[in-house]
Amino acid sequence: MKRHIAVVVIGIALATPMTSYAEPAVRSHRPPGINAREQHQTGRITDGVRDRQLTRAELDRLRADQAAIRAKERVYRRSGEGLNRMERRDVESDLNKTSRQIYRAKHNRARP
């Protein structure tokens, strides 16, 4: 009897940590936040500069677009408690547009 109790206790002790590792796999499929997308796009622009895929004019335009998006987000966040659905869609739309511009600028054949 004592042996069975010891086996059960040891089994529970070994199984408990494994359940905590399984939790992150159950996360919802939520897209990355606005700040993460802004950082990713800034990294893509930096990569384009490093790989000499962007001209100076393209770089200036993309940086200005990124700054405008950050300014708009800042205004939206100050106007209330975070971003509401309409504001989030507006900022994400701007991020989508800038993402396409980054892709086009990096893949055209213009040389700096």
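Q: Where do Asp47 and Arg50 lie?
A: Both lie in helix α2, three residues apart, about one turn of the helix. Helices here are DSSP runs of H or I, at least four residues, numbered from the N terminus. This is a predicted model: local features need pLDDT of at least 70, side-chain atom pairs 80 or more, while totals for chains, interfaces and linings use all residues. Residues are numbered from 1 along each chain as its sequence is written, and side-chain values use heavy atoms, without hydrogens and water.

Q: What does Asp47 form with Arg50?
A: A salt bridge, with the closest N and O atoms 2.3 Å apart. The term means a side-chain nitrogen of Lys or Arg within 4 Å of a carboxyl oxygen of Asp or Glu.

Q: Is Arg50 buried or exposed?
A: Exposed, at 58% relative accessible area. Asp47 is partly exposed at 29%. The cut-offs: buried is under 20%, exposed over 50%, partly exposed in between (1.4 Å probe, protein chains only).

Q: How many salt bridges in total?
A: Four. Arg77 and Glu73 form one at 2.9 Å, both in helix α3, four residues apart. Glu73 is buried at 6%, whereas Arg77 is partly exposed at 35%.

Q: Which residues are linked in a network?
A: Lys72, Asp90 and Asp94, by salt bridges. Asp90 and Lys72 meet at 3.2 Å, N to O. That pair links distant parts of the chain, Asp90 in α4 and Lys72 in α3, 18 residues apart.

Q: New topic. What covers the buried residues of α3?
A: The cover includes α2 (34-50) and α4 (85-107). Among the buried residues are Leu59, Leu62 and Ile69.

How values were computed:
Helices (H or I, at least four residues) and strands (E, at least two) are DSSP runs, numbered from the N terminus. Contact means heavy atoms within 4.5 Å.
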